[in-house]
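Here's a walk through one protein fold, with the sequence and the coordinates side by side. Have a look at the picture, then read on.

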Amino acid sequence: MLKKILFTAFCVTSVFGLDSAFAGEKAAEKTPASGDSGMDIAVGQDLHLKELDGAWVQLEHYIPKTHKTDICVAGARDQTLVLRISGEDLQVRTYDLKLHLTPADSNKIDIALEDGYRTHFDMRNLDKRGFVADVSLAKMKELLKELEKGQKGTITYDTVYRHGQKTKKVNTTHTDKVFAAFRDCVREYHFAPLEAPKPHKKVKKSSSEKIVFPKAGEQGKADIKSK
């Protein structure tokens, strides 16, 4: 029991180190910068980890006074790609702690998955570390369905800013539980008419597996690695 409690605490602490790619834009604007780690909302208070699978997490944002969920999130732990749905909008976001952006900065990204799926987003500035794009329900459904196939792929940026990378990797293998939880969250709070998640297969994992979480400032190293 003690080991389980300690492991849960470790997971929560690691994931709650994530930045405002998951927060609301207004929250990001009002929150002061935290050192060199970018904008940081009060994730320990308002953002809650609901599911963790593969290199992705599913999170819910709570309204502090009412504790009611107002945002559902499914995102890569390195924040390269984040799907965010609330009662007000549907968004795709990308975030990088190495970026140094201004409000005037924008970007265009192309997502390419190994089954041949391609999509494009025109993105505006979110804060000094990331970009955001509003998407239609149809496009969100399409992207979600493709990511749920458990594919590897790339995100290519049209403009590379200081310390930014032209291409980043995306990996949604072994993330069934995250996307199922994301669909459940959106449907439960009536944010968007997504289809119910398909039952996912239960896979017995080796007790020798260990989860490696990203250290502060690191990108793209959050992944389950087998010994």
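Leaving aside neighbours within four places in sequence, which residues is Phe121 in contact with? They are Val92, Asn107, Lys108, Ile109, Ile111, Ala133, Val135, Lys139 and Leu143, where contact means heavy atoms within 4.5 Å.

## Ground rules

This is a predicted model, so local features need pLDDT of at least 70 and side-chain atom pairs count only at pLDDT 80 or more, while totals for chains, interfaces and linings use all residues. Residues are numbered from 1 along each chain as its sequence is written, and side-chain values use heavy atoms, with hydrogens and water left out.

## The cores

Phe121 also turns up in the largest nonpolar core, which has 37 residues. Along with Trp56, Leu83, Ile85 and Val92, Phe121 touches the most other members. Helix H5 (residues 176-188) supplies the largest share of this core, five residues. There's a second, separate core of seven residues, and Leu47, Leu52, Val57 and Val82 are among them.

A word on terms: a nonpolar core is a set of buried Ala, Val, Leu, Ile, Met, Phe, Trp, Tyr and Cys residues joined through side-chain atoms within 4.5 Å. Buried means under 20% relative accessible area, exposed over 50%, and partly exposed in between (1.4 Å probe, protein chains only). Helices (H or I, at least four residues) and strands (E, at least two) are DSSP runs, numbered from the N terminus.

## The sheet

Ten strands make up an open sheet: 10 strands in the order S1-S2-S3-S4-S5-S8-S7-S6-S9-S10, with antiparallel pairing. Two strands pair if DSSP finds at least two bridges between them. Strand S1 (47-53) and strand S10 (167-171) sit at the edges with a single partner strand each, so one side of each has no neighbour in the sheet. On average, neighbouring strands are turned by 25° against each other, direction ignored.

S1 and S2 are antiparallel over six bridges, with Leu52 bridged to Val57 in S2. Their hairpin has two residues between the strands, and Gly54 takes a positive phi near 60° there. S2 then pairs with strand S3 (residues 69-76) over seven antiparallel bridges, and Leu59 stands opposite Val73 in S3. This hairpin has six residues between the strands, and here His67 takes a positive phi near 60°. Five bridges join S3 to S4, again antiparallel, with Arg84 in S4 as the bridge partner of Val73. In the S3 and S4 hairpin, which has five residues between the strands, Gln79 has a positive phi near 65°. S4 and S5 follow with four antiparallel bridges and a hairpin with three residues between them; Val82 is bridged to Arg93 in S5.

In a regular strand the side chains alternate between the two faces of the sheet. On S2, Trp56, Gln58, Glu60 and Tyr62 point one way and Val57, Leu59 and His61 the other, and all are buried. S4 is covered on both faces too: Val82, Arg84 and Ser86 are buried on one side, Leu83 and Ile85 on the other.

## Helix H4 on the sheet

Helix H4 (residues 137-147) packs on the sheet, touching strand S2 (56-62), strand S4 (82-86), strand S5 (90-95), strand S6 (106-113) and strand S7 (118-127). The direction of H4 makes about 135° with that of S4 (axes are lines fitted to C-alpha atoms, for helices over the stretch in contact, with angles from 0 to 180 degrees between N-to-C directions).

Which residues of H4 are buried? Met140, Leu143, Leu144, Glu146 and Leu147. They cover an arc of only 165° around the axis, which puts them on the same side of H4; the arc is that of the directions from the helix axis to the C-beta atoms. These buried residues pack against S2, S4, S5, S6, S7 and H5. Turned away from the buried side is a face with the exposed residues Ala138 and Lys145.

## The disulfide

The structure holds one disulfide, defined as a pair of cysteine sulfur atoms within 2.5 Å. Cys72 is joined to Cys185 with an S to S distance of 1.9 Å. The torsion about the S-S bond is about -80°, so the disulfide is left-handed. Cys72 lies in strand S3 and Cys185 in helix H5, 113 residues apart, so the pair links distant parts of the chain. Both cysteines, Cys72 and Cys185, are buried.
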